[in-house]
Structure formats: C-alpha cells, structure tokens
Amino acid sequence: MAQLCERALLVAVTTGDTATSLEELSRLVETAGAETVDAVVQRRDRLDSATLLGRGKLTELQHEVAAGDIDVVVFDREISPAQERNLSQILDRPVLDRTAVILDIFAQHAVSREGKIQVELAQLEYRLPRLRGKGIELSRLGGGIGTRGPGETKLEVDRRRISNRIARLKRQLRDLEQARHIKRARRRRQETPLAAIVGYTNAGKSSLLNALTDADALVEDQLFVTVDPTTRRLELNDGRVVLLSDTVGFVRHLPHQLIEAFKSTLEEAAEADLLLHVVDLTEEDPDAQISAVEEVLAEIGADRIPQVLAGNKADVASPHVLARFRAAHPEAYIVSAFLGTGLDLMAEGLWRELSRRFHEVELLIPFSAGWAAARVHESGEVLAEDYRPDGIWLRARLSGADIERLSEFAVDAPLSVY
Ligand SMILES: Nc1nc2c(ncn2[C@@H]2O[C@H](COP(=O)(O)OP(=O)(O)OP(=O)(O)O)[C@@H](O)[C@H]2O)c(=O)[nH]1
Ligand SMILES: [Mg+2]
C-alpha cells in the first residue's frame with residue numbers, strides 16, 4: 001500500500017463552552033498514517049447547517065489550507081454528507097470527519113476474515129450516502145485516509161457496485177455468525193465462565209490478557225490495535241478456570257456503523273458473565289473514559305453485566321491521578337500489566353464476582369468418580385473437603401449447570417441460593 005504521509009489540518013467546532021481537545025483526534029489521525037500540521041478550534045453560538053462554519057471562518061481556512069500545503073481537512077465531529085460535499089468544494093480538499101478516520105484505522109488493523117468483512121461493511125455503509133452521482137468522481141486518486149479498504153483492497157467508488165457488495169458482505173457475515181453461535185453454544189454447555197475485557201482504546205486490555213494468560217495478543221501504543229479479539233483460558237492458582245476474552249477498544253462516540261458491523265464481535269462482551277473494565281491511569285481524566293465506555297456498553301446491551309474495575313499502568317500513573325481514582329473507586333483494583341503488580345488480587349476478584357451466581361452444595365463423590373471431584377475443583381469454589389472411607393466429601397459453590405451435572409453425588413438439595 002502506498003503509504004503517503006498526508007498533511008492534515010484538524011478542525012474542532014464547538015457550541016457553548018465545552019472544553020475541547022484535539023489531542024485525541026490528532027492521535028487518531030496519526031495512527032491512520034497522516035501528520036497533523038495544525039489544529040483549529042472554533043467556537044460558535046450555532047452551527048451553519050450547510051457548512052458548519054460561517055463564511056469568514058471558511059475563508060480563513062481556505063488560506064490556511066493553501067499556505068500550509070494541506071492535503072486533507074479533518075473535523076472532530078460527525079459531518080453530514082451534504083456538509084462534507086459543501087466543505088470539500090469550498091476548501092478544495094477532501095474533508096473527513098472523525099468517523100472516517102476511525103474506520104480507516106480499523107481497515108488497516110483488521111486481520112481475520114470476519115474482521116475484514118466487518119470493517120469493509122462499516123466503511124461502505126458510511127460511504128454510500130456520501131457518493132455523488134454514480135460515485136466515480138469522488139474517487140480520490142492516490143489513496144489516503146478514507147479511501148483504504150481492509151488489507152490491500154481499495155474501497156469501491158461505484159454506487160451500484162457498493163450496494164451489491166454490501167449485500168454480499170452481509171451474507172458472508174451471517175454465515176460466520178452462525179459458526180460463532182455454535183462455538184458459543186458449546187462454551188455455554190461447558191459452562192466455563194467468561195469474562196470479557198472492555199475499556200477505552202489503548203488502556204492496556206491486550207497487555208492484561210497477555211500478562212494473565214499465555215496469549216500473545218498484539219500490543220502497540222496506538223489506537224484500535226485490536227480488531228480481532230482473542231479468548232484464552234485463565235487458570236487461577238488453585239486450578240479454577242475462567243475464559244478471558246479481549247475486545248475491540250472503545251472510544252467516545254464510537255461510530256455507529258462500526259457498532260452495527262461489529263455486533264457479533266461485541267456480542268462476545270454482551271454475553272459475558274462478567275466484564276473486566278480496564279482504565280488507563282496515565283490519562284489525566286480516567287473518569288471521562290469510563291463514561292465513554294459505559295455509553296458503548298449501554299448501546300450493545302452490556303450495561304447490566306457485573307463489572308470489575310481495574311486501573312492499569314499504575315507503574316507510570318501520576319500520584320494525583322492515582323489518588324483521585326482510588327478515592328472515586330475504592331472497589332477498583334490497581335494494576336500494572338507491565339510489572340505484573342496487582343494481577344493475582346484482581347484475578348481473585350474476578351473469580352469472587354463470578355461465583356456470586358453460584359449455589360452452595362454438599363457432595364459425596366466415590367473414589368471411582370475422580371472426574372467429578374476434579375470438575376468441582378476446576379469450575380467451582382471448594383469451601384471444605386474431607387477424605388472419608390466412602391469417598392471425597394466436599395462442600396462447594398457451583399454453577400447451576402454443574403449442580404445438575406453432579407446431582408447424583410449431592411448429599412442434600414442446594415443449601416443456599418445466592
Ligand atoms: N507503562 C505501562 N504501559 C502499559 C501497561 N499496559 C499497557 N501498556 C502500554 O499501553 C499501550 C497499549 O496497550 P494495549 O495492550 O495494546 O492496549 P489495548 O487496550 O489492547 O489497546 P487497543 O487494542 O488498541 O484498543 C502499549 O504501548 C502498552 O505497552 C502498563 O501496565 N504500564
Ligand atoms: Mg488491544
């Protein structure tokens with residue numbers, strides 16, 4: 001892929017006095033492979049529906065674009081297809097919004113077949129209403145942000161072909177989803193509890209998965225590195241097992257086309273028994289990221305799943321952020337995926353939270369049924385154990401499925417239900 005480094009001018013348009021920082025947009029643009037030349041913040045009482053900005057400001061931008069040898073202008077908000085058309089005419093440069101940049105990053109980072117299909121679908125859905133006429137004239141020769149498909153593919157620019165391709169991609173996704181459902185059903189039968197790692201992009205989710213398990217998920221100081229999630233078994237010290245799965249990073253205003261296309265991937269989080277919510281403590285305001293993550297969780301229907309909160313990168317966090325975070329979230333675990341600190345406690349915390357939905361039972365397992373005792377140790381919580389002449393006596397907390405599976409060994413009906 002010709003990786004020309006585009007020179008980008010960033011523009012934030014805000015109404016009211018909400019504080020705006022173009023720092024995140026700048027990181028997004030750089031991750032997508034362009035260079036931020038300048039950033040302009042424009043405050044307005046109301047937005048112009050056709051061009052967002054007024055005449056005067058647009059003239060200023062025109063000059064800036066010419067003088068700064070700018071290739072592309074990126075807005076820190078969603079711009080409608082009509083606004084994009086108007087703005088790119090006036091400024092005589094391609095005009096992108098934040099969504100286009102995020103989609104571009106996903107396109108570059110997707111690895112698996114399903115990931116690539118999902119990204120391309122999101123890109124085309126975003127693109128279709130933005131084409132003029134048959135669409136061909138919008139093709140940007142030479143590529144650049146907003147024109148790259150997943151892998152080496154260049155995005156389609158012809159309206160009719162896009163529609164056909166969208167239909168085909170949707171069909172392929174449906175097939176892949178079916179395979180995923182079968183896998184998930186199998187997991188459910190085994191009843192190994194699943195914890196999904198969620199959090200803002202770059203919080204260290206993949207690093208934590210690697211530190212806790214033998215996964216070698218890709219870790220980079222970039223945004224949206226993980227597009228294809230990994231699941232691994234996490235074995236606790238005493239042999240109990242939890243499945244731990246990495247997810248796509250979240251960001252404030254995650255493009256809805258992406259959420260749509262990534263539904264099946266995000267379902268992994270939505271169907272988890274527990275969420276491990278990872279927060280980056282090197283951020284000045286971790287709570288802003290927490291809120292953004294909560295918003296996406298609500299959107300995918302995962303906001304009622306119990307959560308364990310973990311503040312990561314404690315090794316480099318500033319003392320005042322750490323202190324503030326501790327005070328605001330006394331229940332949170334403070335960890336460092338780098339140093340491995342706090343991980344054992346956090347894993348225990350995960351298990352404790354998962355076992356809340358367990359029931360306490362008493363079992364007497366004959367020595368000939370060693371598998372059953374092994375099962376209790378692996379997927380339950382053993383509270384007491386005694387070797388008796390007629391077998392192994394256990395008092396344990398087990399999932400409903402395990403209680404059913406091991407019912408022949410039950411000494412009594414469940415003792416207590418949580
Ligand atoms: N100092 C320090 N850096 C960390 C720690 N954990 C992760 N990092 C760094 O943070 C960056 C992001 O880590 P990832 O694990 O890729 O983050 P992620 O949440 O999976 O990010 P995406 O997949 O891009 O959403 C990398 O540069 C890591 O080396 C930590 O405990 N301490
Ligand atoms: Mg990751």
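Leaving aside neighbours within four places in sequence, which residues is Phe106 in contact with? In this predicted model, Phe106 is in contact with Val119, Phe224, Val227 and Leu258 once those sequence neighbours are set aside. The protein has 418 residues, of which 39% count as buried, and its secondary structure consists of 14 helices and 14 strands. The C-alpha trace spans about 90 × 50 × 35 Å along its principal axes, and, among contacts between residues at least 6 apart in sequence, 69% join residues at least 24 apart.

**Nonpolar cores**

- The largest nonpolar core holds 90 residues, and the members that touch the most other members are Val74, Val101, Phe106, Ala310 and Leu350.
- Helix α4, which covers residues 98-109, supplies the largest share of this core, with 7 residues.
- Because domain 1 (1-190) and domain 2 (192-355) both give residues to this core, it lies between them.

- An open sheet with parallel pairing is built from 4 strands in the order β2-β1-β3-β4.
- At its edges stand β2 (35-44) and β4 (95-97), each of which pairs on one side only, and the twist from one strand to the next averages 25°.
- Within this sheet, strand β1 (residues 7-15) runs parallel to β2, to which 9 bridges connect it, and Ala12 has Val41 in β2 as its bridge partner.

**The sheet of 6 strands**

- The order β6-β7-β5-β8-β9-β10 describes an open sheet of 6 strands, in which the pairing is mixed.
- The edges of this sheet are formed by β6 (231-235) and β10, each with a single partner strand, so one side of each is left without a neighbour in the sheet.
- Helix α7 (residues 205-212) lies across β5 (194-199), β6, β7 (241-245), β8 and β9, and it runs at about 145° to β5.

- Strand β9 (residues 307-312) is mostly covered, with 6 of its 6 residues buried.
- Gln307, Leu309 and Gly311 point one way from β9, whereas Val308, Ala310 and Asn312 point the other way, and all are buried.
- On one pairing, strand β8 (residues 274-280) and β9 are parallel and share 6 bridges; Leu276 has Val308 in β9 as its bridge partner, while Leu275 stands opposite Gln307 in β9.
- On the other pairing, β9 and strand β10 (residues 333-334) run parallel and are joined by 2 bridges, with Tyr333 in β10 as the bridge partner of Ala310.

**Crossovers through β9**

- Strand β8, helix α10 (residues 286-299) and strand β9 together make a right-handed β-α-β unit.
- A right-handed β-α-β unit is likewise made by β9, helix α11 (residues 319-328) and β10.

Methods
Residues are numbered from 1 along each chain as its sequence is written. Chains are lettered from A and ligands numbered from 1 in the order in which they are written. This is a predicted model: local features need pLDDT of at least 70, side-chain atom pairs count only at pLDDT 80 or more; totals for chains, interfaces and linings use all residues. A nonpolar core is a set of buried Ala, Val, Leu, Ile, Met, Phe, Trp, Tyr and Cys residues joined through C-beta atoms within 7 Å. A residue is buried if 20 or more other C-beta atoms lie within 10 Å of its own, exposed if 12 or fewer, and partly exposed in between; C-beta atoms are placed from the backbone. Domain bounds come from an automatic or database domain assignment. Two residues are in contact if their C-beta atoms, placed from the backbone, lie within 7 Å. Two strands pair if DSSP finds at least two bridges between them. A crossover is right-handed if, with the strands pointing away from the viewer, the path from the first strand over the helix to the second runs clockwise. Axes are lines fitted to C-alpha atoms, for helices over the stretch in contact, and angles run from 0 to 180 degrees between N-to-C directions.
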